[in-house]
Amino acid sequence: LRPSVLQELHLNRCKLLPFVNSASEDPDWQVRAAFAYFCPGFVDCFGTHWDDVFLDNLETLMRDDELAVRKLAVDSIPKFAEAWLARGSGGGGGGGEQQQQEEEDVSVSRALVKQRVLEHLLPGFIRLVSDSSVQGRASVAAATGRLLHLLTQTQQSSTQAAAAAAAAAAAAAVDGALVELMTPLMQRILHDEAPAQVALALLQGMRMDEAVLYYGVGNHEDGEEDGREDEATRFSTREGSIPLPLVESQVDLLLPAVIFLASHSSWRLRQAVVEALPPFQLLVGRGHKYDASLQELWQELLLDGVEIVRRAAAAHFILIGKVLGRYPQHGAGRGRRWLEERVIPCVQECLDSPAFKQRQLGLHMVEILLREDCLVHYENSFTLIERELWPLVLARLNDPLANVRLVAASVLEHSFRALPKHLWDSEEAPLVVEIVRLCREDGDRDVRFFAGRVAGRLGVDADEEGEGGGGGRAEWWW
């Protein structure tokens, strides 16, 4: 822009600033709430030299008498820090020494942002964690989880970029402050008297957003989608290391409280514990003092009385092995050992369980293993599937309970191509023989319907006496 335009822009900002700033002290709480909500956007609008003014206003609003104002002010803090980081991480595309210098500048800038957050913002959070309102404490917990992600991720980015000793020293100093300030705050949140609201908000904020662990629609052959929500956790990973919302020294201080919360009566809290466990598990290796406790906890969660908790536990338990196998910095061979020593025996136990819900869960675990290519990094994966899993899956097609047979057919519909080819690529193949038998002989209409869908995928004509694979589906199933 021309100097005259820049000068005019600066003058306009100076005219607007008193009006905007006065909104933080407005007698009407709705105006103060609006200021708190829009404050992160002012970071870019007014420039760096007004950051301290807006930050002071936010800190004041965090102590406002109105709960809604306090909540919005707290929610704006992570956005404020993200705006700082976005400003500090912009850079050109130079090469050589210029690029190295830019990376060092970005690293130092990020370390300074972290220090600023720790010195000016977290003390306010520590005061607010004693807020009389449960909703106020829950907003602090949610913002703490987002800040934790932000601070640990900037640490990992700066560690990769920091060639300069000054940048590395700054990062190390802030890491110490991170543990010193964040850990007591998180401990108080996890021990809150209303864990179903407050601890839940923190645990949901600690999920591995960059891994990314979330529920979505699974892969479908030939680009098709059946509209069925898939409980399998999907990973969307970028190259390089996975940013964890923890540093290693926090595990011993926080994990006991997380394990305690896993037995809470609220199923939503137990589900949040499941989704927060992978960062802890990736930092807890074999021989760690909490390794056995975590293994027992996974087993308890896989037996949970609420289906969504069981399925979440199954998905995260399996896909930890995928992460360990894909990213060897977590330890050579850990991924294979995790799958062979922990996941496969657990799946076998579920498939052989006398409880039909566990047999269904075992089938869903097989689906995750096959559709998410969890064994793709390992040699002889087909042999492992055929030897350890296939006989048990085939047995479930003959399960005495129709619901289990139905789930077995449904699971195989979209994952059979991940099986060794000789199990399904001919009319004499075991899977084809069983599916044709189900289509023609099974006494349950819905089992025949799903078996007919598998037969269609296999390209097999299982229709007999015009049944069309069992007629229309039962509406109650959907």
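Mentor: Let's start with a helix pair: Ala402, Arg405, Leu406, Ala409, Ser410, Glu413 and His414 of helix 16 meet Asp446, Val447, Phe450, Ala451, Arg453, Val454 and Arg457 of helix 18. Contact means heavy atoms within 4.5 Å. Helices here are DSSP runs (H or I, at least four residues), numbered from the N terminus.

Trainee: How many nonpolar, polar and charged residues are in the contact of helix 16 with helix 18?

Mentor: There are seven nonpolar, two polar and five charged residues in that contact. Ala, Val, Leu, Ile, Met, Phe, Trp, Tyr, Cys and Pro count as nonpolar, Asp, Glu, Lys and Arg as charged, and the others, Gly among them, as polar.

Trainee: Before we go on, what kind of model is this?

Mentor: This is a predicted model, where local features need pLDDT of at least 70, side-chain atom pairs count only at pLDDT 80 or more, and totals for chains, interfaces and linings use all residues. Residues are numbered from 1 along each chain as its sequence is written, and side-chain values use heavy atoms, with hydrogens and water left out.

Trainee: Good. At what angle do helix 16 and helix 18 pack?

Mentor: Helix 16 (residues 402-415) packs against helix 18 at about 20 degrees, with the axes 9 Å apart. Axes are lines fitted to C-alpha atoms, for helices over the stretch in contact, and angles run from 0 to 180 degrees between N-to-C directions. The two helices are therefore roughly parallel; angles under 35 degrees count as roughly parallel, over 145 as roughly antiparallel, 65 to 115 as roughly perpendicular and the rest as oblique.

Trainee: And what about helix 17 and helix 18?

Mentor: Helix 17 (residues 430-441) and helix 18 (residues 445-458) pack at about 140 degrees, with their axes 8 Å apart. That makes helix 17 oblique to helix 18. The contact involves Leu431, Val432, Ile435, Leu438 and Cys439 from helix 17, and residues of helix 18 including Val447, Arg448 and Leu458. By class, 10 of the contact residues are nonpolar, one is polar and one is charged.

Trainee: Let's jump to the start of the chain. How do helix 2 and helix 3 pack?

Mentor: Helix 2 (residues 29-46) and helix 3 (residues 51-61) are at an angle of about 160 degrees, with axes 10 Å apart. That makes helix 2 roughly antiparallel to helix 3. Among the residues that meet are Phe35, Phe42 and Phe46 in helix 2, and Phe54 and Leu58 in helix 3. This contact divides into nine nonpolar, one polar and two charged residues.

Trainee: New topic: is Arg270 buried or exposed?

Mentor: Arg270 is buried, at 11% relative accessible area (buried means under 20%, exposed over 50%, partly exposed in between, with a 1.4 Å probe and protein chains only). Arg270 lies in helix 10 (residues 267-283), and its side chain reaches the backbone oxygen of Ser265 at 3.1 Å.

Trainee: What else is Arg270 in contact with?

Mentor: Leaving aside neighbours within four places in sequence, its contacts include Leu261, His264, Asp304 and Val309.

Trainee: And where is Leu419?

Mentor: Leu419 is in the loop between helix 16 and helix 17. Leu419 counts as buried, at 4% relative accessibility. Leu419 and Trp390 are 29 residues apart in sequence and 8.5 Å apart in space, C-alpha to C-alpha.

Methods: A polar contact is a pair of N or O atoms within 3.5 Å; within protein, one must be able to donate a hydrogen and the other to accept it, and residues adjacent in sequence count only if both atoms are side-chain atoms.
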